[in-house]
Amino acid sequence: MAPLDIQDFVRLVPRVKEAPEHVMWLSYDAEADTLYVNFKKPSPATDSELADDDVIVRYENDQVVGVTILRASQR
């Protein structure tokens, strides 16, 4: 396992501050190579759309509740 670089996590702070609820949960599925980012727990989606670069944006009504990033290790 590579050494942990704390600065990589510190650089996330501006993104968390920009999140819809200023909260973010991350989950990575290595087998599927997919990163799940949720701005709300639970985050049941009522709709979703496939954006550019294999990113799925999930909505609950008109509010973005999360994104799913496919092929995450290729980013």
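## Basis of the description

Two strands are said to pair if DSSP finds at least two bridges between them. Strands (E, at least two residues) and helices (H or I, at least four) are themselves DSSP runs, numbered from the N terminus. With these terms, strand E4 and strand E5 (residues 63-69) run antiparallel and are joined by 6 bridges.

The model is a predicted one, in which local features need pLDDT of at least 70 and side-chain atom pairs count only at pLDDT 80 or more, while totals for chains, interfaces and linings use all residues. Residues are numbered from 1 along each chain as its sequence is written, and side-chain values use heavy atoms, with hydrogens and water left out.

## The sheet

An open sheet is formed by 5 strands in the order E1-E2-E5-E4-E3, with antiparallel pairing. Its edge strands are E1 (25-29) and E3, each of which pairs on one side only. On average, neighbouring strands of this sheet are turned by 20° against each other, direction ignored; for such angles, axes are lines fitted to C-alpha atoms (for helices over the stretch in contact), and values run from 0 to 180 degrees between N-to-C directions.

Strand E2 (residues 34-38) and E5 run antiparallel and are joined by 4 bridges. Leucine 35 has isoleucine 69 as its bridge partner in E5.

## Strand E4 and its two hairpins

With strand E3 (residues 47-51), E4 pairs in the antiparallel sense over 5 bridges. Aspartate 47 has tyrosine 59 of E4 as its bridge partner. The hairpin of E3 and E4 has 3 residues between the strands, and aspartate 53 in this hairpin takes a positive phi near 60°.

E4 also forms a hairpin with E5, where 2 residues lie between the strands and asparagine 61 in the turn has a positive phi of about 60°. Across this pair, isoleucine 56 stands opposite threonine 68 in E5. E4 is mostly covered, since 5 of its 6 residues are buried; buried means under 20% relative accessible area, exposed means over 50%, and partly exposed lies in between (1.4 Å probe, protein chains only). In a regular strand the side chains alternate between the two faces of the sheet.

## Arginine 58

Arginine 58 lies in strand E4, which spans residues 55-60. Arginine 58 is buried yet has no salt bridge, and the nearest side chain of opposite charge, that of glutamate 60, is 10 Å away. Here Lys and Arg count as positive and Asp and Glu as negative, with His and the chain ends not counted. A salt bridge is a side-chain nitrogen of Lys or Arg within 4 Å of a carboxyl oxygen of Asp or Glu.

Leaving aside neighbours within four places in sequence, arginine 58 is in contact (heavy atoms within 4.5 Å) with residues including Val37, Asn38, Asp47, Gln63 and Gly66.

## Glutamate 60 and lysine 40

Glutamate 60 is also placed in strand E4. Glutamate 60 counts as buried because its relative accessibility is 19%. Its side chain meets that of lysine 40 in a salt bridge (2.3 Å, N to O). This pair links distant parts of the chain, with lysine 40 in the loop between E2 and E3 and glutamate 60 in strand E4, 20 residues apart.

Lysine 40 is partly exposed, with a relative accessible area of 27%. Not counting residues up to four places away in sequence, glutamate 60 touches Lys40, Pro44, Thr46 and Val65.

## Other salt bridges

The structure holds 4 salt bridges. One of them joins aspartate 54 and arginine 71, with the closest N and O atoms 1.9 Å apart. This pair too links distant parts of the chain: aspartate 54 is in the loop between E3 and E4, and arginine 71 is in the segment after E5, 17 residues apart. Aspartate 54 is partly exposed at 21% relative accessible area, and arginine 71 is partly exposed at 44%.

Arginine 11 forms a salt bridge with aspartate 8, the closest N and O atoms being 2.4 Å apart. Arginine 11 is exposed, with a relative accessible area of 51%, whereas aspartate 8 is partly exposed at 41%.
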